[in-house]
Every structure is written in structure tokens, then in C-alpha cells.
Amino acid sequence: METEAYLNRIRIVLVDTQDGANIGSVCRAMKTMGIEDLALVTDRTYDEDRVRTLALHAADVYENAKRYHTLEEALADSIFTVGATRRRGKFRKLSSYSPEQLAEKISNLPEGKISIVFGRESDGLRDDEVAACASIVTIPTSDRFPSLNLSQAVQIICYTLFRNALVYEPGMVSIPHEKARESAKEMSDHLENIGYFKMADERKWTEQLLSDIVERAQLTGEELRRFEKIFRKAELIALHKRGEDA
């Protein structure tokens, strides 16, 4: 696949951006690197003049942007979802990609939309928004002043992807983000039916882990069906065993 077609599958997702001028700057940062698929997760109304002034000749990126009420809606058709954040916390991801590692990962992914999510200018992505993504990307910065402007962060990621864009050979098609979430819920249902969960919130974090693993593994539909079958069969065996012991 040519570089242009390769970059067309990258979607930049902005969550609740506060200032239209920053959206305009993001549009310019994206278009200079050949990426034009923008999604806005917000109910805000922006000053069109502020957006267009900063976007300059990239205003078409804003005009063609898709709008969503929730992050889950924006990510539903993606095969790989990544949240851009530098903060770590108890319930955040255990590992993260650098921009270079993310570019390498994407170059080896099968066909499908890839969404990279950026949070608010003031405080970035919330924990639940990071949890909605399968992985995270962190831009290394100085400990003395680690905060990046939103458009700067987008520019760094887009530049890294553009620089590392490779000829991509289409092959297998992976399941989308929404299907990974549905499958994780089904597998967790099987675990719950055999009394696997003992602690508070254990199901919630197990379901999140399964969803992240399924999405990062880039399973095909057939591979996912076989994976689900393992959990379904384990439940049947456990219930049958209990019946024999009763």
C-alpha cells in the first residue's frame, strides 16, 4: 500500500477540546503529515473563525471531521485504539508505546482504522477514557516541564507516523474495537458463571484486560470465535463437574 493510503487509516480523535483555536492548530499539524481523518468527541460549539485562522489551508480537515457524543462511538470501528497520555495511575495501562514504537506497531497491523486519542488541554484524558483504549502512547518530555500543547503532541505523533510510513501489504482483516469489547464481556460472563470473580471490581478489570489483549493481538473473526470457545467450553466443563460432585 502506498504511503498516502497507509496514512489514510489513521484517525486523530480529540476529546472535549476546549478552544477552537487548538482544533485549528491540530488540523494543520495533521495535514502537513498527510493525515486528514479527524474525529471530535464533544458537545461544544466552537468559534469557526478561531478554528479556521489557526488551521489556515487545512480548514478542510475540520470541515470533514466526524462528531461523536461518546468516545466509545468514535472508536467502535477501529481495529487498534491508543490513548495519548503521560500520566500513570493505579487503574491505567501497565505499559505504553513511545511514538517510534507505536509507528512500528502500526506498520505491522492488518487493514482497518487506527484511532489515536488526545484529551483536553487542561487535564488530558480521564481514567475511564484511557481505559476505553487498548493501549497508550507517551511522548518523552523533561521532568522539569513535561506538559505539551495539544497541537504539539499531535504534531509529534503524526510526524513520527509519517516518517515511518512503510509499504503496507493488505492481508487478514482484524476485528474492530467494538467487537473486542463485546467479546470480552461474553468471556467474562462465562467466568462469572463458574464463580471465578471473588473480589470487588475483579470482573471490571478482567474484562478490560481481555478486551485490551484481544485488540492488541489483532485477532481475525475466526480466531476470536475459537478464543471465545475456550471460555465457553471451560464453563460447561466446570458446571458438569459440579453436577457430578453434587
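Reader: In which helix is Glu100 found?
Author: This is a predicted model, in which local features need pLDDT of at least 70 and side-chain atom pairs count only at pLDDT 80 or more, while totals for chains, interfaces and linings use all residues. Residues are numbered from 1 along each chain as its sequence is written, and side-chain values use heavy atoms, with hydrogens and water left out. Helices (H or I, at least four residues) and strands (E, at least two) are DSSP runs, numbered from the N terminus. On that basis, Glu100 is found in helix 6 (residues 99–107).

Reader: What is the relative accessible area of Glu100?
Author: With a 1.4 Å probe and protein chains only, buried means under 20% relative accessible area, exposed over 50%, and partly exposed in between. Glu100 counts as partly exposed because its relative accessible area is 42%.

Reader: Leaving aside neighbours within four places in sequence, which residues are in contact with Glu100?
Author: Glu100 and Leu161 are 61 residues apart in sequence, yet 7.8 Å apart in space, C-alpha to C-alpha. Contact means heavy atoms within 4.5 Å. Once neighbours within four places in sequence are set aside, the contacts of Glu100 are Thr160 and Arg163.

Reader: How far apart are the end C-alpha atoms of helix 9?
Author: The expected span of a helix is 1.5 Å times one less than its number of residues. Helix 9 has 17 residues and should therefore span 24 Å, which agrees with its end C-alpha atoms being apart by 25 Å.

Reader: Which helices do the buried residues of helix 11 pack against?
Author: Helix 11 (residues 221–245) reaches 37 Å from its first C-alpha to its last, close to the 36 Å expected. Its buried residues are Leu224, Glu228, Phe231 and Glu235. An α-helix has 3.6 residues a turn, so residues three or four places apart point the same way. The buried residues of helix 11 pack against helix 9 (177–193) and helix 10 (202–217).
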